[in-house]
Amino acid sequence: MKILIGSLHFYFMSVLFSRANGSLTLRTPSAYAFPFCNYTYLNLSSVSEAQAPKTARALNFSHNVIEKITKRDLEGFDVLEVLDLSYNQIKDIEPGAFERLFSLVSVNLSFNDKKLLVPGLPPHPKLLPPSQASGSLQLYTYFDKSSEAAPEPSASAKELPHLGGPSVLQNVNARLRRNTENLLRRAEKNTTASPAATSRPDFCGAPVNGTLDLSNSKLSEEELSAKLDANLCQVQLEGIVELNISHSDLEMDLLSLFILFLPMENVQSIDASYNKLTINIQDVEAICNFPLSKLSFLNISNNPINSLDTLCLPSTIQIIDLSFTNISQIPPNFARKMMNLEHMYVQGNHFIYTVRPQITNAVAKPPPGTVHINAISFVRNLNGTPIESLPNKLKHLKMSNCSIVELPEWFVGTMQELLFLDLSSNRISVLPDLPTSLQHLDISNSDIKIIPPSFKSVSNLTIFNIQNNKITDMHPEYFPLTLTKCDISKNKLNTLSLTDALGKLEHLNVSGNLITRLEPASYLSALANLDSSRNLISELPDHFGKALPMLKYFNLSGNKISFLQRGSLPASLIELDISDNAITTIVEDTFGQLTSLSVLTVQGKHFFCNCDLYWFVNVYMHHPHLRINGKGNLRCSFPPDRRGSLVESSRLTLLHCSLGIQMAITACVAVLVVLVLTGLCWRFDGLWYVRMGWYWCMAKRKQYEKRPENKPFDAFVSYSEQDANWTKEHLLERLETDGFKICYHERDFKPGHPVLGNIFYCIENSHKVLFVLSPSFVNSCWCQYELYFAEHRVLNENQDSLIMIVLEDLPPNSVPQKFSKLRKLLKRKTYLKWSPEEHKQKMFWHQLAAVLKTTNEPLVKAESGCALDMHEM
């Protein structure tokens, strides 16, 4: 194949220069000879007959009558690189004829005897077989015979096939001429380079791991031709398995582009998308037979191709992408041209349904201004379908967004090997008849309203996508038993029965419907409580999980579900989506049964953040084997003070939500408080304060009782039992001797009455209250009571009736905290101090008697005096 292209280049190089005596010599400016010798159409019988110069680097002996090649014919051609012996009658080549041609890189022996054997070639030449290849040599013959530079066209050249015009040939020949001129210019610039150096220039496109990536390179047609030059880039072109020239704004016709690909013997994939490729309007089917035997993938999407009628591509292509190419129909000859096609992508094109008007002899001329539209219509007739043919080996067909309204009648009977069909985003209103071999069907974004009973005949279907249609009723008995994945989201369902007819179903998507709740009902029953006016699904059948034992992926998002009851979800679920519903709580009875669940998607703002959600927030959200998507977007709607806050941050503690724990903790706290209070009372005389509080209350009650106007006692004596001897022997005896009437508790308390009652009575019926102070006094509880009650009387009567007698000195720190009133009185009151000295005792008794005889002064006046005076005897 490479020799073919080299021969084409060689041929056009030869005709660019005039022929003189059968040879042509081109000299460079540096006077270095670079001879190209052409001896075609001279009726030569041997190579030596031409007497070619030994310095020739390219010899063309094609179209002669040479029958044999000998050693003598090729002796001395040490710098010969290209030798063309095609179109002769060579039957024999003497062994060793090519052994001394060490610079030879290309030998063309095509169109000679088919039994010709070539012995003794040098290590590196590229040989074209003598037998005629069906594809490449047809193209070669066509181009060669059509060349304007051919001096003497053969007889066979007069019989050109009918191709509809010479424009294609002119385009190809023009490009070959440009390539030839480039070759000559490169030869002139590399006069000192060796043959090996000129065969691998740096400007060739070098593949990396079999891939030549020229995408986004913005190459022109000439630059691309130079990078894919068949003469100078042979080694690089051989290594190309995948070619990418996408996104390059390349402007040329598709046939001319594929002529550049002919030397790529191993190319399997070509991506020419996002360019400006066109299809030539002439029919070139006669030469449309490419020798690219390994090419299986072609992407020419997003090119301005508007018709497939004159498409000329290798028939070996198995995958073709014609997306977004502005084609409007698939012509009748497409199936014949692409007989091996298995994958076809034509999405994004608009297939036009045509109505061919009847041709009449008399055509009435419309009046001026009248517009007749009779070429485009969406009303189908027998000849109006835009899909006129498809290869019967097709297995993968994608025709989304193609303005298709229906499939042709022959589709079911012809496409017996079809496995994948994408008819999404079309204008189909009725589910078409489909081949039984189909396994994957996508008919989403259409106008289908019902699923017919014939759909069950697609017995191998496993994946069914019918989202965003207008389905109002779906019967499981119409579905194939083999179905494993079904997407019926964004429809208008009235009923939905999920029975054992869908026993193999693993993926189910019913999002975007109007389901309000999933409730257990009678087994395998149809949905009840339907609001047909709003098209609401109100409930699913009982034992939903048993009806779909294989269901693993369930999408319920975008519905109106507010609560999921126990048993409404199959236990086999692995992934569940309940987001964007009206769910208020997630309870353990429902989700705790889903032991296989690993992914839960939940979003919403209707959750009741009360104790019903405690299990979800504190247990389920922290499950180690469960991933919860969207938990950071869950919002509370109740209680009002939590509205809008995150569910994840809800303060739902076990103490707050468990009544038993609350009661237990309350009891424990109560016991603890009692124990603490008991300890505190024991440590800080709490019992005394309690009794004191009781007595104080009693004293407050006493103030409302009528006080005696004539008090029988001059004084009431309060003392400690430790000071009883001094009180009886000295104080009581001396005062009574002086005529004072003293209230003494051992003598004057009324038997049978409470002690507190006797204390109240004696204090209320005494003009004065004498306190005998000593260290033992402050340790007596009864003395403290008497002090408090006397102080209470002073406050009520506003009369200072207290007399303080210090029997023994009281250090400030010796008075306990509970005798706070005594501390205040010692700082505020004038007191008498007892002295063991006899001369001081006389003064003490004299002052005491004088105080007892005085009338009680008002408290305010008493407090205005000096509070720190002390009289000592």
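These legends go with close-up views of a predicted model.

**View 1. Helix α16, with its bend at L731.** Just past the end of α16, look for G739, which takes a positive phi of about 100 degrees.

**View 2. The buried side of the story for α16.** A724, W726, T727, L731, L732 and L735 are the buried residues of this helix. Their packing partners include β30 (713-718), β32 (766-773) and α21 (838-853).

**View 3. The C204-C233 disulfide.** This is one of three disulfides found in the whole structure. The two sulfur atoms sit 1.8 Å apart, and the S-S torsion is about -80 degrees, so the link is left-handed. C204 comes from the loop between α4 and β8 and C233 from the loop between α5 and α6, so the bond ties together parts 29 residues apart in sequence. C204 is buried at 8% relative accessibility, and C233 is buried at 0%.

**View 4. The C609-C636 disulfide.** Sulfur to sulfur, this pair spans 1.8 Å; with -85 degrees about the S-S bond, the link is left-handed. C609 lies in the loop between β27 and α12, while C636 belongs to strand β29, 27 residues apart.

**View 5. The C611-C657 disulfide.** The sulfurs of C611 and C657 are 2.4 Å apart. C611 is in the loop between β27 and α12, and C657 is in helix α13. C611 is partly exposed at 29% relative accessible area, as is C657 at 24%.

Key. Residues numbered from 1 in each chain as written. Predicted model: local features only at pLDDT ≥ 70, side-chain atom pairs only at ≥ 80, totals over all residues. Heavy atoms only, no water. Bend = angle between axes of the 7 residues up to and from the residue. Helix = DSSP H or I, 4+ residues; strand = E, 2+ residues; numbered from the N terminus. Buried < 20%, exposed > 50% of the residue type's maximum accessible area, 1.4 Å probe, protein only. Contact = heavy atoms within 4.5 Å. Disulfide = S-S within 2.5 Å.
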